[in-house]
Amino acid sequence: MAEKKKHGLLNGLTHYGDPDFAAYLRRSFARSMGYSEEMLGRPIVGITWTASGFNNCHRGVPQLVEAVKRGALAGGALPLEFPVTSLGEVFLNPTSLLYRNLMAMDVEEMIRAQPMDSVVLVGGCDKTLPALVMGAISAAKPAVVLATGPMSTGRYHGERLGACTDCRRFWAQYRAGGLDEKQIGEIEGNLATTQGTCAVMGTASTMAILCEAMGLMLPGGAAVPAVHADRLRQAEASGLHAARLATDKAGDGLTFDRIITPAVAENALRVLLAISGSTNAVVHLAAIFGRLGIGLDMDLMNRLSDETPVLVDLKPTGAHYMEDLHAAGGAPAVLRALRNQLHLGVPTVTGETLGEVLDAADPWSDPAVVRPPEEPISPQGGLVALSGTLAPKGAILKRAAATPALFEREGRAVVFGSLEDLSRRIDDPDLDVTPDDFLVLQNAGPLAAGMPEAGYLPIPAKLARAGVKDMVRISDARMSGTAFGTIILHVSPEAALGSPLGLVRNGDRIRLSVEERRLDLLVEETELARRRESFAPPPGVGAERGWRRLWRDHVLQAAAGVDLSVLRGGRDGGRENSS
């Protein structure tokens, strides 16, 4: 007869060789924190504490945690928060992606090791939501995602401002000489004026919407502004639902590893395309799916992109902000607009199917923000995957944020060998560059640099001052979801592996065809072979000890989500840095 599963404080006892002693000691130490016997007998809802003095996006986490606790207590559970790694996007060097997998490991191990029956995953900033989901998938306990919510917009001279699309727009004007020091300083003070994540369709907002689309959070929770009272109500409801998951046997079947199926993965890709979401989401979804042995099929993404319209009119590709999307009906409005193209029978953390969730949602939406399918912003999705001789394992272009006139062309490569080289030469008045050239950045991929958000190569100063607003830019780096331009990212394999990207030289010809989904280096194979013989890899971000040693030895390429090989599940595990 199978041993009855233990819940609450008796779940996962510390090993002392005597389980009864372990339970007795644990109760004793728990009582030292002032809990009553009644409370200590309840199931436990864990709550991730992701706040930090280095994380502006998570300034509201303490208040959210208190609201989650209210809900958990009302549901008959004992709520206990626990700290996990806090990733403040703009405060981490060299890049927050280098620490996403570390946070995912932290989340996984703490959920598994501590006596909780379910967990509320509180977080928002760019790499935080993916890390929380990745860790929860691998821990395989019932969970609910609670996003911190987007910032509200600021004001400057009568104009609404939202980090960080507007910050890039004004910085480009400043670099081109259109703004002075006083003006850019005033703008700096008005870009980010409340708690929460970026106010546009950046990575944080994209991942929150995708978590809702995958059924990992309660309906309507993705777009609620961080300062809105509805955000606290969402937190309370998440705590209440987590208590139900902890006490109801059905909760065991609603773990993330069971909810996310190939059909759910396809839904997520389609929603990503319809919202014209961040290119970062492609990396994060590949990592999330990879935990389950599900590959992210670039051919499938292109097929979905060809048939999925862009429906959400938000910056950086549109006119509105996340607070407008909330007022327009939030993620449920987007999902309803896509209803005929989604798998509706898939489960959600609520216990209902996606179709049932949408049936119960408020049917109203604002067509100025969420367009009906018959009146899309664009008839095709916001992203496309490219391949070719320069990107044998793929690359990504956010075509909705790009200049269509640049989609079919051939150009001369102007190459920067590293981030330092880019910084040193991009504004050199003697730089040999024209608007028709292709700017190429090497050695900014996972192994070389941790894959930072450096793909948004600035327009060379002398061209910016001449009025050039966009040109083709290519790299193995990432780009913030708040950015825009004809920018080809995630070129794989990365340059540091001696890939075709690493062999590009100044003056080489490159051909881009978005129509054909091609990115080709027009150099003879005999010449590339000669270059390979003299190729020397850069030192990279790896080290001989600690986390960076694990990163160096196990990190995978962009197509596999830049996860660690030892953390992936299913058939896709294993060391594949050449892929």
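Start with the second largest cavity, which holds about 60 Å³ of space. A cavity here is a set of points, on a 1 Å grid over the protein atoms alone, where a 1.4 Å probe fits but cannot get out. Its volume is the space filled by probe spheres set on the points, with grid points joined across faces, edges and corners. To show its lining, select Val 282, Val 283, Met 298, Lys 393, Gly 394, Ala 395, Ile 396, His 490, Ser 492, Ala 558 and Ala 559; lining residues have an atom within 4 Å of a point. Helix 12 (280-290) and strand 8 (395-398) each give at least two residues to this lining. Helices (H or I, at least four residues) and strands (E, at least two) are DSSP runs, numbered from the N terminus.

The model is predicted: local features need pLDDT of at least 70, side-chain atom pairs count only at pLDDT 80 or more, and totals for chains, interfaces and linings use all residues. Residues are numbered from 1 along each chain as its sequence is written, and side-chain values use heavy atoms, with hydrogens and water left out.

Next, select Glu 212, Met 217, Pro 219, Leu 354 and Val 357, which lie nearest the centre of the largest cavity among its 13 lining residues. The volume of the largest cavity is about 80 Å³. Helix 16 contributes the most to its lining, with three residues. In all, the structure has three cavities of 30 Å³ or more.

Move to the second largest pocket, with about 440 Å³ of space. A pocket is an open set of points with protein on both sides within 12 Å along at least five of seven lines. Select Leu 9, Met 33, Leu 80, Gln 114 and Pro 115, which of the 21 lining residues lie nearest the centre of this pocket. Helix 1 gives the most to the lining, five residues. The lining has 16 nonpolar, three polar and two charged residues. In this count Ala, Val, Leu, Ile, Met, Phe, Trp, Tyr, Cys and Pro are nonpolar, Asp, Glu, Lys and Arg are charged, and the others, Gly among them, are polar.

Stay on helix 1 (residues 19-31) and pick Phe 21. Phe 21 is partly exposed, at 35% relative accessible area; buried means under 20%, exposed over 50% and partly exposed in between (1.4 Å probe, protein chains only).

Now turn to the salt bridges. Side chains of opposite charge can pair when their charged atoms come close. A salt bridge is a side-chain nitrogen of Lys or Arg within 4 Å of a carboxyl oxygen of Asp or Glu, and the count comes to 42.

Select Arg 517 and Asp 306, whose closest N and O atoms are 2.5 Å apart in a salt bridge. This pair links distant parts of the chain, 211 residues apart: Arg 517 is in the loop between strand 13 (509-513) and strand 14 (518-521), and Asp 306 is in helix 13 (residues 298-307). Arg 517 is buried, at 14% relative accessible area, while Asp 306 is partly exposed, at 41%.

Then select Lys 182 and Glu 186, also in a salt bridge, with the closest N and O atoms 2.5 Å apart. The two are four residues apart in helix 7 (residues 181-188), so about one helical turn separates them. Lys 182 is exposed, at 59%, and Glu 186 is partly exposed, at 27%.

Finish with Asp 421 and Arg 425, which form a salt bridge of 2.7 Å, N to O. Asp 421 is buried, at 10% relative accessibility.
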